[in-house]
Amino acid sequence: MHAKTDSEVTSLDASSTTRSPRRQAYYVQSPSHDGEKTTTSFHSTPVISPMGSPPHSHSSSSRFSGSRKINNNHRNAKPWKDIDVIEEEGLLQNQDHNRSLSRRYYFLAFILGFFLLFTLFSLILWGASRPMKPHVVIKSIKFDHVRVQAGSDATGVATDMITVNSTVKFTYRNKGTFFGVHVSSTPLDLSYSDIVIGTGDMKKFYQSRKSQRLVSVAVMGSKIPLYGSGASLSSTTGMPSTPVPLKLSFEIRSRAYVLGKLVKPKYYKKVQCSVIFDPKKINVSVPLKKNSCTYD
């Protein structure tokens, strides 16, 4: 039985080796009783796994264990790589954020610098234009018609009334070297004893740089009541018989647009002149001396 068993085991080993080369064999030692002698035989029996499938060979096991170690190494290294990627993305985001902030700062600095330079330039222009005030000189006045007659005011009060037609001429010179001016004026008032007996409106005009013109304004009054002040002016001819002191006053306003509407200096000049009306000089231009007028 044992001898036959050994041959069967041997055949089984050969067949199992032929059919399943990947199966691992192990040897079982069993005693053999032949008389009083005891022999030891080794049986080659394949090992079956508990699930019914034979185990892999040692080489495949080693490859599997090696690949499992590599995978485990990759798994262990993956979080560190993720951390590196996150840190790199964070650095890139920080760089982009810093670049955007730098661009904003540059833009704000450019706007602020431009504003400061423009303000400085405007102040320079304004300061340079201040000394270039227009020059006004009253040249003459001519009385075309003067008549004093009795009458009554709007309320029916009897009084002497005066009618005046005159012409005032003056020169206006713009001393600005790099800007023109727009010129206007308050009404030209011709008064006698604080009573305005004639008034005139000057037409607005534009005066270019470094130029001048002669301005002529008609100053007229019709039937202005004199009340008690007209006693010295009345006469049988309707014309004052003696020279009459009068006063001419007005204000010239000039505005220059040096830098559009941003830099527009203004110039005001008040003019007051003492005028003597001479009845003998009707329709004659009477020049006004320099000391006859004041310019403020």
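Predicted model: local features only at pLDDT ≥ 70, side-chain atom pairs only at ≥ 80, totals over all residues.

1. The side chain of Lys142 meets that of Asp144 in a salt bridge, with 3.7 Å from N to O. Asp144 is likewise partly exposed, at 28% relative accessibility. Side chains of opposite charge can pair when their charged atoms come close.

2. How many salt bridges does the structure hold? The total is 2. Besides the pair above, Arg253 and Glu251 join through their side chains at 3.0 Å, N to O. Here the two partners fall into separate classes: Arg253 has a relative accessible area of 36% and is partly exposed, while Glu251, with 14%, is buried. Glu251 gets that label because the cut-off for buried is under 20%.

3. Which residues does Leu190 contact, leaving aside neighbours within four places in sequence? Among them are Ile141, Phe143, Val164, Ile195, Val196, Ile197, Val219, Leu246 and Leu248. Ser166, Gly198 and Lys247 are also in contact with Leu190.

4. Please look at the surface too. A nonpolar patch there is formed by Tyr105, Phe107, Leu108, Phe110, Ile111, Phe114, Phe118 and Leu262, which together have about 910 Å² of accessible area. Phe107, one of these, sits in helix 2 (residues 58–129) and is exposed, with a relative accessible area of 53%.

5. The unreviewed UniProt entry marks residues 105–128 as "transmembrane region". In the model, this span is 100% helix and 0% strand, and its end C-alpha atoms lie 34 Å apart. In soluble globular proteins, nonpolar side chains tend to be buried together.

6. Finally, is Gly230 buried or exposed? Gly230 belongs to the loop between strand 9 and strand 10, and with a relative accessible area of 0% it is buried. The C-alpha atom of Gly230 is 8.1 Å from that of Val148, although the two residues are 82 apart along the chain.

Note on methods. Residues numbered from 1 in each chain as written. Heavy atoms only, no water. Contact = heavy atoms within 4.5 Å. Patch = residues over 30% accessible without salt bridge, like charges linked within 9 Å, V, L, I, M, F, W, Y side chains within 5 Å. Areas by Shrake-Rupley, 256 points an atom, 1.4 Å probe, with all protein chains shown as cover. Salt bridge = Lys/Arg side-chain N within 4 Å of Asp/Glu carboxyl O. Helix = DSSP H or I, 4+ residues; strand = E, 2+ residues; numbered from the N terminus. Buried < 20%, exposed > 50% of the residue type's maximum accessible area, 1.4 Å probe, protein only. UniProt positions renumbered as here; feature names shortened; annotations may be inferred.
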